[in-house]
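Visitor: Before I look at any detail, could you show me how to read a model of this kind, feature by feature?

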Amino acid sequence: MQGQRNELELMTDKARILVTRRLLQPNEDRLKSSYDATLSADDHIMSADEIVDAAEGVDALLICVTEPLNADVIARLPESVKAIMTLSVGLEHLDLEAAQARGIAVMSTPDIVTDPTVEIAMCLMLGAARRVTEGAAMMRARKWDSWTPRMLVGTDVTGGTLGIYGMGRIGRTLAKRARGFDMTIRYHNRSRLSFELEAGASYYTSIEALLPASPFLAITAPSTSETQGFLNAERIALLPDGAIVVNTSRGNLIDDDALIDALKSGKVAAAGLDVFNGEPANVRPEYLDLPNVFLTPHIGSAAMNARAAMGDMLLDGFELLRAGEPVPNRVV
Ligand code: DGY
């Protein structure tokens, strides 16, 4: 489909772009200088109605995961809208079929988010295993009064075994970084990787087979109707006792009741979580209170160069689209 025809018919020299959130300065500077851009003044999350109204006469939307565009909203977008750019690799907030049906091109930010997200995955794994939440809380509460051989003894990461659920770009890069800690890598993925891409990782044909073999479990599969809620009570029971769970994908891959119970019982020794059901306002309070949870607020891709490159990737893709060229980061 790409490059066969230019559905855009963007006749203006300066395309009109509605940007829903505050972006990094280099991205906003480029938008201001090269486009007729409506930038967010206050970074509030625009409602669907606001977006539909503000999109009147606009050629493209540049949105984030905070602005879900379902089929109904996409149907209500003005005719002028020919492209949606999302500052994310995740696409679950967009109804791609609805966009495709309306001839609206969708572009995302694959690849660029991989390294920073894996940095956070490693940080979560180390932080959860080595009880950093408890250590930091103790220090900030000024309660550290003695060094003792028994204080905050955690789980060794070096030489451990990591099961990775979802061996796409992020899963494979996590495997590479974890090998730096001499970890053994096991994985489950919809399909087995090639010998080269496996790079020594062992393939498990089902998630049920992978879980008992995963003292560390990292969730890096995308959020889809098949993966949502996969880590439920039955599957947690399959994990080794004292397992450590890390999630940098989306909160909805986890059944919160089940994980919270397991964190309380010690079945799961610790979790490192960057993404949550109900984020940001309705994160389960138990996660905030449990000392064996290491938390970050969905900052997987929040690294300076990567975040700026995400904006550039979208605008570069938009330029290719306008020129009728193939767009590498086009989704539909
Ligand atoms: C992504 O790229 O999907 C991140 O979660 C940020 O939106």
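Guide: We shall take confidence, the ligand site, an aromatic pair and the backbone in turn.

Guide: This is a predicted model, in which local features need pLDDT of at least 70 and side-chain atom pairs count only at pLDDT 80 or more, while totals for chains, interfaces and linings use all residues. Residues are numbered from 1 along each chain as its sequence is written, and side-chain values use heavy atoms, with hydrogens and water left out.

Visitor: What is the mean pLDDT of the protein chain?

Guide: pLDDT is the predictor's confidence in each residue, from 0 to 100. Here the mean for the protein chain is 96, and 96% of its residues reach 70 or more. Over residues 1-5, however, the pLDDT is below 50, and this stretch has 10 contacts in the model beyond near neighbours in sequence, a contact meaning heavy atoms within 4.5 Å. Where pLDDT is low, the predicted coordinates should not be read in detail.

Visitor: Which residues are around the ligand?

Guide: A residue is near a molecule if one of its heavy atoms lies within 4 Å of it. Around the ligand these are V65, L87, S88, V89, G90, V113, R250, H298 and S301.

Visitor: How are Y165 and F230 arranged?

Guide: Rings of Phe, Tyr and Trp (its six-membered ring) pair if their centres lie within 6.5 Å; planes under 30 degrees apart count as stacked, over 60 as edge-to-face and the rest as tilted. Y165 and F230 form a tilted pair, 4.2 Å centre to centre with 45° between the planes.

Visitor: What is the omega of the peptide bond joining E279 and P280?

Guide: Most residues other than glycine have a negative phi, and most peptide bonds are trans. The bond between E279 and P280 is cis, with omega about 0°, and D43, although not a glycine, has a positive phi of about 65°.
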